[in-house]
Amino acid sequence: MTHKVLLLPGDGIGPEIAAQAARLLKACQDAGLDIEVEEALVGGAAYDAHGDPLPAETLDKAKAASAILLGAVGGPKWDKIEDLAKRPEKGLLGLRKNLGLFGNLRPAMLYPQLASASSLKPELVAGLDIMIVRELTGGIYFGHPRGIEERNGERVGFNTYVYSESEIERIGRVAFEMAQKRGKKLCSVDKANVLEVTILWREVMERLAPEYPDVELSHMYVDNAAMQLVRAPKQFDVVVTGNMFGDILSDAAAMLTGSIGMLPSASLNESGQGMYEPCHGSAPDIAGQNMANPLAMMLSVAMMLRYSLGENAMAERIEAAVGSVLDDGLRTADIASEGMQTIGTDAMGDAVLAAFAKQ
Ligand code: IPM
Ligand code: MG
């Protein structure tokens, strides 16, 4: 069966790194992978062309695809759009919600070659391998009521932090199963000392635990989790948490590895369809300068092959190619260190493709 892959370059450095992903997909096709690749607009690029960050055509193509590869969305150019529903970020949130991509997998692993790129001492991060499982279609991001309105002569802003038992159970199962495949430790992060919604969260996680007797479940308040992540990050294996805490903790975890420019992520729905994107954003400050690190995007291709297309061997081949490029001392500016050769986006793409061909 031919897999349909939809490439959404987006904004900022998105198009540059997506171009490297497109080259890699072509190389995979040449190596026998049966895929068909289409492109569409999303985010600010779609707003500029159609006045809508998620045009119907893009959403239709996304629904029809087996997997979606997204660069990044957003940038200062669109920060002044007053209608939040037209902001580039809505393109991303709309894709997540419309496709039901509730399960967000954000690995934070340290490439041994990059240990010195971390701002933490090498011994604290050597061998780091954390998987953050973030709920992505609920919580305070999507809860109602929400808005800004006039009350008693002043404006009041409000959002609703809400999770149903079924939403918690669904993400809980993803996390327990992930822990079973990894180090068998699951830490659920909440704020159950203050927020009712996370008291329920904790209860549901406890209720699931006996079904996964091989997994050791623990709980941590989110403030402590933030502290532990920078104090002793290797204590974590799999972390499961809600949408907003996951947003924040996954950035912190990503940075432990030295470069957020190295980390891919997956967002999956109940039928295994997935959207894959680098953890970093659109980095408008370096856009168009051939400086961006394309590796997170190229590793997102590998993650897509593994989780949505069942092509493990090809995924491993890409990951091995990235490893060998790092072994050769090639670095983009974000992961540069002394004695290494700093190269641009295109040259990094060339190097990965050359290594891929040799695998
Ligand atoms: C992320 C991003 C998004 C989020 C933004 C762009 C809406 O920060 O994917 O982590 O908050 O989910
Ligand atoms: Mg974020």
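Colleague: With which residue does R170 form a salt bridge, and how far apart are the closest N and O atoms?

Modeller: Please bear in mind that this is a predicted model. To read a salt bridge, one looks for a side-chain nitrogen of Lys or Arg within 4 Å of a carboxyl oxygen of Asp or Glu. Here R170 pairs with E270, and their closest N and O atoms lie 2.9 Å apart. Between domain 1 and domain 2, the count is one salt bridge.

Colleague: How many residue pairs are in polar contact between domain 1 and domain 2?

Modeller: Nine residue pairs are in polar contact between the two domains.

Colleague: Which elements give two or more residues to the side of domain 1 that touches domain 2?

Modeller: They are helix 4 (88–98), strand 12 (274–278), helix 10 (295–307) and helix 11 (312–327). Helix 10 provides the largest share, six residues. Sorted by class, this side of domain 1 has 14 nonpolar, six polar and seven charged residues.

Colleague: Where does the chain divide into domain 1 and domain 2?

Modeller: Domain 1 consists of 1–101 + 269–359, while domain 2 covers 103–265. The contact draws 27 residues from domain 1 and 23 residues from domain 2.

Colleague: What area is buried between domain 1 and domain 2?

Modeller: Buried area is the accessible area that two parts lose on being put together, summed over both. In this case the value is about 2,200 Å², and carbon and sulfur atoms give 61% of it. R96, C279 and M303 supply 26% of the area that domain 1 buries against domain 2, more than any other three residues.

Technical notes. Residues are numbered from 1 along each chain as its sequence is written. Chains are lettered from A and ligands numbered from 1 in the order in which they are written. This is a predicted model: local features need pLDDT of at least 70, side-chain atom pairs count only at pLDDT 80 or more; totals for chains, interfaces and linings use all residues. Side-chain values use heavy atoms; hydrogens and water are left out. Domain bounds come from an automatic or database domain assignment. Contact means heavy atoms within 4.5 Å. Buried area is the accessible area (1.4 Å probe) that two parts lose on being put together, summed over both. A polar contact is a pair of N or O atoms within 3.5 Å; within protein, one must be able to donate a hydrogen and the other to accept it, and residues adjacent in sequence count only if both atoms are side-chain atoms. Helices (H or I, at least four residues) and strands (E, at least two) are DSSP runs, numbered from the N terminus. Ala, Val, Leu, Ile, Met, Phe, Trp, Tyr, Cys and Pro count as nonpolar, Asp, Glu, Lys and Arg as charged, and the others, Gly among them, as polar.
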